[in-house]
Amino acid sequence: MSRSVWPLYVVVVLATLPGGAWAENALSELDANNDGAIGRQEAIDGQRKAFEQIDRNGDGVIDLDELEASQAAAESDEMPADVRRARRKARERWFDNLDRDASGDISLSEYQAAMTPYFDALDTNSDGVLDGGELRRAVEGDTGQD
Ligand SMILES: [Ca+2]
Ligand SMILES: [Ca+2]
Ligand SMILES: [Ca+2]
């Protein structure tokens with residue numbers, strides 16, 4: 001079951017992307033220079049884009065409602081209620097972790113500060129870029145860590 005639930009940070013990093021063959025989508029969306037991998041700057045740019053899309057009212061911060069709305073499309077109606085509840089709880093935990101100054105919303109700098117370590121975690125061979133294999137392993141919940 002853990003293999004079917006995407007790590008939340010991956011979902012959020014790639015919140016702008018549709019489901020399905022998302023690893024390939026992620027590459028084509030974020031891989032600005034078309035070298036088949038996502039570099040650090042491309043990831044940062046992608047984070048900003050994702051942030052701006054989640055921030056629907058454009059006030060420069062993400063509140064919990066906006067986070068919930070951004071994830072609704074990623075959850076199918078067939079998903080069991082207990083799984084949806086668990087995912088919602090995970091999002092709330094994630095939200096609290098990101099909101100470092102406990103202001104009740106997430107600023108772009110809070111968002112990016114939280115995402116940067118994930119890039120390093122996903123970059124399992126530490127070459128500074130995320131290739132398709134690393135993205136796929138991330139989705140499968142197998143980063144070789146924890
Ligand atoms: Ca907002
Ligand atoms: Ca905050
Ligand atoms: Ca890599």
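Guide: Start with the axes. They are lines fitted to C-alpha atoms, for helices over the stretch in contact, and angles run from 0 to 180 degrees between N-to-C directions. Keep in mind that this is a predicted model. On that basis, the axes of helix H4 (residues 64–72) and helix H5 (residues 81–98) come within 11 Å. They cross at roughly 135°.

Visitor: Why is H4 called oblique to H5?

Guide: Angles over 145 degrees count as roughly antiparallel, and 65 to 115 as roughly perpendicular. The crossing is at roughly 135°, which makes H4 oblique to H5. The hand of this crossing is right-handed.

Visitor: Which residues make H4 and H5 meet?

Guide: Leu64, Leu67, Glu68 and Gln71 come from H4. Arg91, Glu92 and Phe95 come from H5. By class, the contact holds three nonpolar, one polar and three charged residues.

Visitor: What about H3 and H6: what makes them oblique to each other?

Guide: The axes of helix H3 (residues 40–54) and H6 cross at roughly 140° and come within 10 Å. Roughly antiparallel needs an angle over 145 degrees. H3 and H6 are therefore oblique to each other. Their crossing is right-handed. From H3, the contact takes Arg40, Ala43, Ile44, Gln47, Arg48 and Phe51. From H6 it takes Leu108, Tyr111, Gln112, Met115 and Phe119. They divide into seven nonpolar, two polar and two charged.

Visitor: How do you know whether Leu30 is buried or exposed?

Guide: Count C-beta atoms. The cut-off for buried is 20 or more others within 10 Å. Leu30 has 23 C-beta neighbours inside 10 Å, so Leu30 counts as buried. Leu30 lies in helix H2 (residues 22–30).

Visitor: What does Leu30 touch, not counting residues up to four places away in sequence?

Guide: Leu30 touches Ile38, Glu42, Ala43 and Gly46. As for Ile44, 14 residues away along the chain, its C-alpha atom is separated from that of Leu30 by 9.5 Å.

Visitor: Which residues form the largest nonpolar core?

Guide: Eight residues form this core: Leu30, Ala37, Ile38, Ala43, Leu122, Leu130, Leu135 and Ala138. Strand E1 (37–39) and helix H7 (132–139) are the elements that give two or more residues to it. Apart from it lies another core, of seven residues, including Ala50, Ile54, Leu67 and Tyr111.

Visitor: What makes Asn34 count as buried or exposed?

Guide: Exposed means 12 or fewer neighbours. Asn34 has 8 C-beta neighbours inside 10 Å, so Asn34 counts as exposed. Asn34 sits in the loop between H2 and E1. Its phi is positive, about 55°, although Asn34 is not a glycine.

Visitor: And how do you know whether Ser126 is buried or exposed?

Guide: Apply the cut-off of 12 or fewer again. Ser126 has 7 C-beta neighbours inside 10 Å and therefore counts as exposed. Ser126 belongs to the loop between helix H6 (108–122) and strand E4 (129–131). Ser126 is not a glycine, yet has a positive phi of about 55°.

Visitor: How many helices and strands are in the protein?

Guide: Seven helices and four strands. From the N terminus on, they run α-α-β-α-β-α-α-β-α-β-α. Of the 146 residues, 21% are buried. Among contacts between residues at least 6 apart in sequence, 56% join residues at least 24 apart.

Definitions and conventions. Residues numbered from 1 in each chain as written. Chains lettered and ligands numbered in written order. Predicted model: local features only at pLDDT ≥ 70, side-chain atom pairs only at ≥ 80, totals over all residues. Parallel < 35°, antiparallel > 145°, perpendicular 65-115°, else oblique. Left-handed = near helix turned anticlockwise from the far one by under 90°. Contact = placed C-beta atoms within 7 Å. Nonpolar A, V, L, I, M, F, W, Y, C, P; charged D, E, K, R; others polar. Core = buried A, V, L, I, M, F, W, Y, C linked by C-beta atoms within 7 Å.
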